[in-house]
Amino acid sequence: MSKQEDISPGMVMLLATATGLIVASLYYAQTLVGPISASTGLSPEAAGLIVTLTQIGYCIGLLFIVPLGDLLENRRLIFTGLLFTAAMLVLAAISSSAWMFLTAALGIGLGSVAAQIVVPFAAHLSQEATRGVTVGKVVSGLLLGIMLSRPAASLIADATSWHVVFGGAAVVVTMVAFVLRAKLPVRVPNHHITYPKLLGSLWQLFLQTPVLRRRAAYHAGLFGSFSLFWTVTPLMLAGPTFHLSQTGIAIFALVGMAGAVASPVAGKLADKGHTLMATAAALALGVIGFALPMIVPGSRNVALAVLVIASIVLDMGVAANLVLGQRAIFTLGAEVRSRLNGVYFALFFAGGALGSALGGWMFATHGWHAALLTGMAFNGAALLYWVTEYIGHTSERKAVA
């Protein structure tokens with residue numbers, strides 16, 4: 001398309017919807033950890049593996065599949081990845097043992113990285129002046145998919161079974177695959193590099209791109225706490241303190257999705273050059289999200305209300321920081337955009353995998369407050385790291401003055 005043309009609103013809506021439906025596959029299991037564990041024979045201590053293995057698969061895909069977006073025709077790559085994801089969702093749906101489901105979970109994560117080929121696609125189709133807003137809108141769809149997947153999974157599982165959740169997801173992902181193949185333009189990257197050299201360049205990009213390292217570290221902390229929260233909170237809500245059903249947990253998760261409103265706001269702030277302070281606000285929201293349930297005492301109803309507010313605050317921080325990070329790395333060059341995005345997501349999903357695994361273990365062995373403190377530590381470490389950027393930025397301004 002010509003340089004004067006910008007991505008159409010219809011295409012933005014399509015890409016936002018598609019990314020949301022794709023990444024939802026990664027999160028259906030989060031509110032179903034209890035039923036899946038009971039059905040497949042996983043111990044409470046190992047229940048976090050249900051989420052962790054999906055995230056590990058996603059990390060592997062981000063490092064070994066997403067970089068192919070800089071080498072192979074993008075539309076075909078997305079289509080193939082989605083068909084593989086659908087096959088893994090079918091395997092999850094028919095699983096009757098822990099090893100079958102965990103294998104499917106790994107595969108679901110691996111194939112769902114197609115979403116991270118779609119997001120740079122939106123950046124490629126956008127003009128520089130509107131790229132932050134466009135990416136913000138697409139990421140809003142992605143985040144809504146994450147947040148809606150949890151209540152949808154709980155409601156469907158309550159009415160039928162968790163097997164139906166994954167069977168239905170397989171149908172949805174297959175439909176998305178064929179719609180994107182029909183609607184997306186062909187995009188062939190202008191690269192003749194070999195695949196081994198492409199992978200080797202990931203390490204060089206990591207070493208030579210300070211912005212990438214910093215943005216990945218910030219979001220690893222936030223996403224680690226986010227994964228921890230949504231791994232242990234459904235278990236807490238279903239426990240003796242709250243006694244919520246799967247439908248009750250679904251309503252809780254549905255309210256939490258209000259945090260997605262922060263995405264387009266963050267995109268506008270980034271386009272106006274306010275990334276530094278907006279990042280501080282996002283990281284601070286993450287800390288507050290874990291502090292609230294610990295410092296606000298009260299009855300069961302008050303505690304539940306505070307937990308709802310905490311989930312919204314945490315989700316706002318995650319939504320805003322994700323957009324700020326992607327906007328920052330997408331300015332570094334179109335020719336390496338898929339690789340930068342792959343490394344960025346792989347690094348912070350590693351934080352997510354650590355958070356979900358550690359959260360499940362902390363909750364099972366040390367309780368709810370220990371899990372909350374662990375989540376706060378993830379965000380606190382990221383915020384302390386941000387302070388070093390602020391000090392450096394302030395020093396540079398003084399030197400120029």
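This is a predicted model: local features need pLDDT of at least 70, side-chain atom pairs count only at pLDDT 80 or more; totals for chains, interfaces and linings use all residues.
Mentor: Begin with helix α1 (residues 9-24): at 1.5 Å a residue, its 16 residues should span 22 Å, and the end C-alpha atoms are 22 Å apart, which agrees. The expected span is 1.5 Å times one less than the number of residues. Helices here are DSSP runs of H or I with at least four residues, numbered from the N terminus.

Trainee: Which residues of α1 are buried?
Mentor: Among them are M11, V12, L14 and L15. Buried means under 20% relative accessible area, exposed over 50%, and partly exposed in between, using a 1.4 Å probe and protein chains only.

Trainee: And what do the buried residues of α1 pack against?
Mentor: They pack against α3 (49-64), α4 (74-93), α6 (115-125), α7 (131-159) and α8 (162-183).

Trainee: New topic. How many salt bridges are there?
Mentor: The search of the whole structure finds two. A salt bridge is a side-chain nitrogen of Lys or Arg within 4 Å of a carboxyl oxygen of Asp or Glu. One of them joins D70 and R339, with the closest N and O atoms 2.9 Å apart. D70 lies in the loop between α3 and α4 and R339 in helix α15, so this pair ties together parts that are 269 residues apart in sequence.

Trainee: Is D70 buried or exposed?
Mentor: Buried, with a relative accessible area of 1%. R339 is buried too, at 5%.

Trainee: What about R150 and D315?
Mentor: Their side chains meet in a salt bridge of 3.6 Å, N to O. R150 lies in helix α7 and D315 in helix α14 (residues 300-329), so the pair ties together parts that are 165 residues apart in sequence. Both R150 and D315 are buried.

Trainee: Now aromatics. How many pairs are there?
Mentor: The structure holds 21. Rings of Phe, Tyr and Trp (its six-membered ring) pair if their centres lie within 6.5 Å; planes under 30 degrees apart count as stacked, over 60 as edge-to-face and the rest as tilted. The F79 and F178 rings have centres 5.1 Å apart and planes at 80°, so that pair is edge-to-face. F79 is in helix α4 and F178 in helix α8, 99 residues apart.

Trainee: How accessible is F178?
Mentor: F178 is partly exposed, at 42% relative accessibility, whereas F79 is buried at 12%.

Trainee: Which pair is stacked?
Mentor: F345 and F349 form a stacked pair, 6.3 Å centre to centre with 20° between the planes. They are four residues apart in helix α15 (residues 337-366), so about one helical turn separates them. Ring pairs also link F345 and F349 into a cluster with Y58, F223, F226, Y344 and F348.

Trainee: Last one: where is S227?
Mentor: S227 is in helix α10 (residues 210-238), and it is buried, with a relative accessible area of 0%. A polar contact of 2.9 Å joins the side chains of S227 and Q55. A polar contact is a pair of N or O atoms within 3.5 Å; within protein, one must be able to donate a hydrogen and the other to accept it, and residues adjacent in sequence count only if both atoms are side-chain atoms.

Definitions and conventions: Residues are numbered from 1 along each chain as its sequence is written. Side-chain values use heavy atoms; hydrogens and water are left out. Helices (H or I, at least four residues) and strands (E, at least two) are DSSP runs, numbered from the N terminus. Contact means heavy atoms within 4.5 Å.
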